[in-house]
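Subject: Structure for your study

Dear colleague,

Please find the structure below, together with its sequence. My notes on what was found in it follow.

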Amino acid sequence: MDVSKEIRQAIVTGNVFIGADKSLKTLKRGQAKLVIVSSNCKPELLADVQHYAKLANVPVHTFTGGSRELGLSCGKPFLVSMLTVVEAGSSGILGLGARR
């Protein structure tokens with residue numbers, strides 16, 4: 001599975017929140033189905049995400065690239081450390097959670 005392509009498809013056809021603050025809020029509300037973090041995400045932020053994801057039983061996938069690559073995968077001209085998938089749309093992005 002091409003993760004970058006699936007992320008782009010989820011953004012176009014589904015409901016995805018980009019950024020640490022929005023992702024954490026979505027995760028705390030129990031709306032998230034999958035959280036994707038960059039490989040260079042801050043350790044304290046990653047610890048928070050893993051804690052709330054465990055409570056909500058939501059899978060966390062670590063993107064192989066850094067924040068710059070994750071931002072480019074999202075089609076954004078800025079760094080993205082984290083994103084949350086609420087609705088996958090026509091992408092197969094939720095398959096990442098099944099592979100953990």
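**A buried serine**

Serine 23 counts as buried, at 1% relative accessibility; buried means under 20% relative accessible area, exposed over 50%, and partly exposed in between (1.4 Å probe, protein chains only). Serine 23 sits in helix H2. Helices (H or I, at least four residues) and strands (E, at least two) are DSSP runs, numbered from the N terminus. Not counting residues up to four places away in sequence, serine 23 touches Phe17, Met82, Leu83 and Thr84, where contact means heavy atoms within 4.5 Å.

The model is predicted: local features need pLDDT of at least 70, side-chain atom pairs count only at pLDDT 80 or more, and totals for chains, interfaces and linings use all residues. Residues are numbered from 1 along each chain as its sequence is written, and side-chain values use heavy atoms, with hydrogens and water left out.

**Helix H1**

Helix H1 covers residues 3–13, and its buried residues are Val3, Glu6, Ile7 and Ala10. Seen down the axis of H1, these buried residues fall within an arc of 100°, so they line one face of the helix; the arc is that of the directions from the helix axis to the C-beta atoms. An α-helix has 3.6 residues a turn, so residues three or four places apart point the same way. The face of H1 turned away from the buried side carries the exposed residues Lys5 and Val12.

**Nonpolar cores**

A nonpolar core is a set of buried Ala, Val, Leu, Ile, Met, Phe, Trp, Tyr and Cys residues joined through side-chain atoms within 4.5 Å. The largest such core has 15 residues, and those with the most contacts inside it are Ile7, Ile36, Leu70, Leu83, Val85 and Ile93. At least two residues of this core are supplied by each of H1, strand E2 (34–37) and strand E4 (82–87). H1 gives the largest share, three residues. Apart from this core lies another, of 12 residues, among them Ala20, Leu27, Leu45 and Val49.

**The salt bridge**

The structure holds one salt bridge, that is, a side-chain nitrogen of Lys or Arg within 4 Å of a carboxyl oxygen of Asp or Glu. In this bridge, the side chains of lysine 33 and glutamate 87 meet at 3.4 Å, N to O. The pair links distant parts of the chain, 54 residues apart: lysine 33 is in the loop between helix H2 (20–29) and E2, and glutamate 87 is in strand E4. Lysine 33 is partly exposed, with a relative accessible area of 40%. Glutamate 87 also counts as partly exposed, at 41% relative accessibility.

Yours sincerely
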